[in-house]
Amino acid sequence: MRKLTMPLERMLDLKDEPRVFVLGGSGSNLGFTNSFRTEDGGITARVVPVAWTPVGVVIGNNWQNVGIALHGLLDWVDRSFPPEDERAFVAPMRDIELLARVQWHAELPEKLTDESVLNIEDVPEEIAEGLSHPPAAIVQCAACRRLCVKDEFVWKEKQLCAWDYHSQVFGRRGPWRDGAYEERHFDTLPACAYVAPQLLAEMNVEVVLATNAIVEETAAKIINLLLESEPQRPHMAVRTGDGFTVLREL
């Protein structure tokens, strides 16, 4: 990931490239603007949802436009990214004031990336890393309302975050099995984007097998060979991406 370390005054020379200036962020969103030119005394900021997942930050692909009076911009930043939020951060106020004074403006990039952020050095490492990856659709977890990536964890037709999916599906009441799977059982296995070992550890569950890009019939034989070797211990096979992950209760 490329970091900008030059003084802000020199960054202004980059105005001919599509750029944004990040105003601040929190545990649920990121605010930025591409222009401090006022129209009717105000500017337009964009707010994008942010999902904090076990494998990193994911930036949303939908932007919400917010009109802000220029004289109230600093107050808006303080209110939108409050210090009570442990993940909140704000850009240096002196930089915001400078850009507002010179009415900095750049074309709006088609996508929000780490290279399009003028002040990437002001952004926390987790957010900057998330900006280096493609954005995704963000939804609220049906159980806890935490922001999460759409369709990564769906159980009983409900969108869940990784934490609630793991607790519901891989917990004591999940579809555990003693002994081998029948062929028909593979059609109804739980399916998710990934399994997070750090969440499993809290539940006394471990990963004992992971397959990827193997013909399903072959993968099924491998899974059943494992399950047959420990018929008295609960196991669970899960579809993850292009393969399977097998879990075992400790």
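At 4% relative accessibility, Arg19 counts as buried (buried means under 20% relative accessible area, exposed over 50%, partly exposed in between, with a 1.4 Å probe and protein chains only). The side chain of Arg19 meets that of Glu17 in a salt bridge, at 2.8 Å from N to O, and Glu17 is partly exposed, with a relative accessible area of 39%. This is a predicted model, in which local features need pLDDT of at least 70 and side-chain atom pairs count only at pLDDT 80 or more, while totals for chains, interfaces and linings use all residues. Residues are numbered from 1 along each chain as its sequence is written, and side-chain values use heavy atoms, with hydrogens and water left out.

**Confidence**

- The protein chain averages a pLDDT of 93, and 94% of the residues score at least 70; pLDDT is the predictor's confidence in each residue, from 0 to 100.
- Over residues 1-6, pLDDT stays under 50, and the model has 17 contacts beyond four places in sequence for them (a contact means heavy atoms within 4.5 Å).

**Salt bridges**

- Nine salt bridges turn up in a search of the whole structure, each being a side-chain nitrogen of Lys or Arg within 4 Å of a carboxyl oxygen of Asp or Glu.
- Glu206 pairs with Arg248 in a salt bridge whose closest N and O atoms are 2.7 Å apart. Glu206 lies in strand E12 and Arg248 in strand E14 (residues 243-249), so the pair ties together parts that are 42 residues apart in sequence. Helices (H or I, at least four residues) and strands (E, at least two) are DSSP runs, numbered from the N terminus.
- Glu206 is partly exposed at 26% relative accessibility, whereas Arg248 is buried, with a relative accessible area of 15%.
- A network of salt bridges links Glu206, Glu230, Arg233 and Arg248.
- Another salt bridge joins Glu216 and Arg239, with the closest N and O atoms 2.7 Å apart. This pair links distant parts of the chain, with Glu216 in helix H7 and Arg239 in strand E13 (residues 235-240), 23 residues apart.
- Glu216 is partly exposed, with a relative accessible area of 38%, and Arg239 is partly exposed too, at 24%.

**Helix H2 and its cover**

- In helix H2 (residues 73-80), the buried residues are Leu73, Trp76 and Val77. They lie on the same side of H2 because they cover an arc of only 100° around the axis, where the arc is that of the directions from the helix axis to the C-beta atoms.
- The cover over the buried residues of H2 includes strands E1 (21-25), E3 (42-53), E5 (64-69) and E6 (89-90), along with helix H3 (93-102).

**Positive phi angles**

- Most residues other than glycine have a negative phi.
- Asp40 is not a glycine, yet has a positive phi of about 55°. The loop between strand E2 (29-33) and E3 holds Asp40, which is exposed, with a relative accessible area of 87%.
- Asn204 also has a positive phi, near 60°. Asn204 sits in the loop between helix H6 (197-201) and E12 and counts as partly exposed at 45% relative accessibility.

**Nonpolar surface patch**

- Ile214, Val215 and Ile222 make a nonpolar surface patch of about 240 Å². Patches are made of residues with over 30% relative accessible area and no salt bridge: like charges are joined within 9 Å, nonpolar side chains (Val, Leu, Ile, Met, Phe, Trp, Tyr) within 5 Å. Accessible areas come from the Shrake-Rupley method with a 1.4 Å probe, and for residues only the protein chains shown count as cover.
- Val215 is in the loop between strand E12 (205-212) and helix H7 (216-229), and counts as exposed at 59% relative accessibility.
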